[in-house]
Amino acid sequence: MSNSPSKEEGMQERKPKAISRRDALKYVGSGIAAGAILLSGAGFLSRSGKASDETKQPTPNQVAGEPILLTVDTSSRGHRIPSDFSGLSFEVGPLVSGNAGVEGYLFSPENSQLITLFQNIGIKNLRVGGGSVDQRIPAGTGSDGYAGIDNLFAFAKAAGVKVIYTFRMLNPAAKPVPNLIAGQAAIAQYIWQRYQPYLSSFAVGNEPDWKSYHHYPGHPNDPLIYETVPGVPGSAYPSYLETWRAFADAIRELAPGAKFSGPDTGDYGTGTFTPDRTTGVSWTQRFAENEANSGRIAEITQHYYVGASPGVSTIKQAIDNMLSPDWVNKTEVGTQSAGTGTAVTTYTPYPWLYSQIIAPMLKAGIPYRMTESNDYLTGVPGASNAFASALWALDYMHWWAAHQASGVNFHNKQWIYTCTIVMDPSGNFQTTPKGYGIKAFNLGSNGFVMPVTISNPNALNLTAYAVGEGHNLYVTIINKTQGEEAKDASVTIVPSGFQAKEASSTVLASGIPGGHASVKNAMLGEATINNSGQWSGTWTKLDVGKRGKVTLTVQAMTAAIVRIHG
């Protein structure tokens with residue numbers, strides 16, 4: 001990190017405008033919702049892509065709201081957040097021209113819109129795989145030859161990303177791919193000889209722990225991956241590992257030194273634990289233990305859809321769940337209401353997944369990445385593709401960064417509600433609000449994780465994270481209060497062991513007065529993220545008080561990224 005608070009490309013810093021006490025009282029007296037005033041960053045778009053003067057919010061220096069005290073221990077450095085932490089995941093369909101209504105190849109050096117979106121959001125890792133990798137004929141073996149692969153890596157070079165490239169593993173006896181292992185190894189050799197600088201790792205297969213992946217009586221599939229105890233998914237692990245190693249050995253023979261990620265486990269419960277759900281451990285942990293000394297594993301990979309299937313969840317229920325403290329804090333798998341009756345959905349809170357699957361796996365000493373993540377499977381329209389997803393994604397990324405993750409890849413299955421990148425009716429590529437959450441994370445994640453102690457006497461639904469190195473400290477505050485419970489937060493940051501000299505903030509907001517969680521809109525630094533030109537968000541200067549304290553208001557349904565220079 002530099003010793004000065006260098007500005008992001010295209011960003012501008014501005015001094016706050018003053019708001020009179022009389023004007024503030026006028027707003028309060030008019031009954032405007034708590035989330036409607038006292039923080040800059042929200043507003044309707046003008047033709048320039050900026051918030052118009054009529055809807056700009058007063059600045060963070062006018063402090064009001066529920067008291068929050070954040071004490072950052074800058075002397076205690078945790079995990080360094082990797083530069084390629086922010087990622088996206090796609091199915092293998094985009095390696096075929098014309099897939100999902102796209103003209104030509106989605107990943108192509110000619111797709112300037114997608115390249116610009118990746119760069120503006122800050123995507124640095126691109127995983128290509130998903131369930132379709134074990135269903136489609138392998139790329140490089142079809143009539144278009146290696147065109148899809150060549151376009152993918154040319155895109156990676158242009159966008160500045162590295163690729164996790166997944167090979168097909170499943171080979172059902174009913175419809176086998178001839179010489180699958182040898183054929184995949186030949187494709188690996190082709191990639192390795194040409195595109196090493198743009199390759200993060202190879203992967204083999206997708207979600208091999210699921211019962212549907214296995215061969216057993218009454219369910220013929222790939223005879224090499226079979227359950228020794230029918231009906232017990234964990235009993236298939238030994239045959240899976242043997243098969244995976246056969247692929248890895250063949251690939252490494254033709255691509256010496258290649259690294260792998262895996263096992264891309266699909267279950268985030270105990271259902272597929274090996275050897276069984278009662279006495280076993282996750283495939284993620286067992287794979288890490290089995291490959292710990294091989295020298296060929298770059299990352300252990302896990303999939304995670306926090307709310308699982310949303311069922312008949314309404315927009316309000318989905319948003320309430322996504323922003324719920326339960327997802328962030330609970331230690332046991334729980335249920336939440338879905339629909340108007342007694343139906344419920346099951347969610348797996350972050351602490352449960354970490355304690356039961358991730359923490360035991362970390363003992364093997366290998367980094368891990370969430371290569372498929374989202375709030376729900378397939379998502380809920382009006383929630384998963386709305387502003388709530390921006391705050392959810394920002395919080396999710398920081399939580400896992402604070403728990404030693406090396407990266408998070410949000411999955412895109414063209415074109416479902418949880419997608420970060422979508423194609424509009426005119427055929428242009430755009431980002432959903434989730435992309436703004438990823439960008440906000442990137443603005444405040446340069447350095448080492450630092451512990452934050454939160455004093456929150458009124459139990460506001462708010463989270464905070466700190467990252468820093470050298471003379472720079474970044475504090476991200478996410479105020480998830482909404483609706484009738486919406487409350488602004490008066491936040492004081494005390495950077496212990498760090499003498500603040502300058503401070504500024506930028507705000508993630510819906511861009512609509514009132515901060516509605518369900519709007520399909522977002523702004524960051526009073527600017528949009530476009531598919532052409534640079535993002536031009538702004539930072540607002542903050543006052544630095546005695547002993548380096550920084551105080552600001554964080555409105556309901558917004559997040560503030562505070563940059564402090566010492």
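Start with helix α3 and its buried side. The buried residues are G148, I149, N151, L152, F153, F155, A156 and A159. Buried means under 20% relative accessible area, exposed means over 50%, and partly exposed is in between, with a 1.4 Å probe and protein chains only. An α-helix has 3.6 residues a turn, so residues three or four places apart point the same way.

Before going on, the ground rules. This is a predicted model: local features need pLDDT of at least 70, side-chain atom pairs count only at pLDDT 80 or more, and totals for chains, interfaces and linings use all residues. Numbering runs from 1 along each chain as its sequence is written, and side-chain values use heavy atoms, leaving out hydrogens and water.

Back to α3. It covers residues 147-159, 13 residues, and reaches 18 Å from first C-alpha to last. That is close to the 18 Å expected at 1.5 Å a residue, where the expected span is 1.5 Å times one less than the number of residues. Helices (H or I, at least four residues) and strands (E, at least two) are DSSP runs, numbered from the N terminus. The buried residues of α3 pack against α2, β4, β5, α4 and β6. After α3 comes G160, with a positive phi near 80°.

Next, D267. It sits in the loop between β7 (260-265) and α6 (283-291). What does D267 touch, leaving aside neighbours within four places in sequence? D209, W210, T272, Q302 and I357. Contact means heavy atoms within 4.5 Å. Also, a polar side-chain atom of D267 lies 3.3 Å from the backbone nitrogen of G271.

Most residues other than glycine have a negative phi, and most peptide bonds are trans. G262 and P263 are joined by a cis peptide bond, omega about 5°. P263 is in strand β7. Q414 to W415 is cis too, with omega near -15°. W415 is in the loop between β12 and β13.

Two non-glycine residues to check for phi. Q404 has a positive phi of about 70°, and is partly exposed at 30% relative accessible area. E526 has phi near 60°, but counts as buried because its relative accessibility is 4%.

Conventions
Polar contact = N/O pair within 3.5 Å; in protein donor to acceptor, adjacent residues only side chain to side chain.
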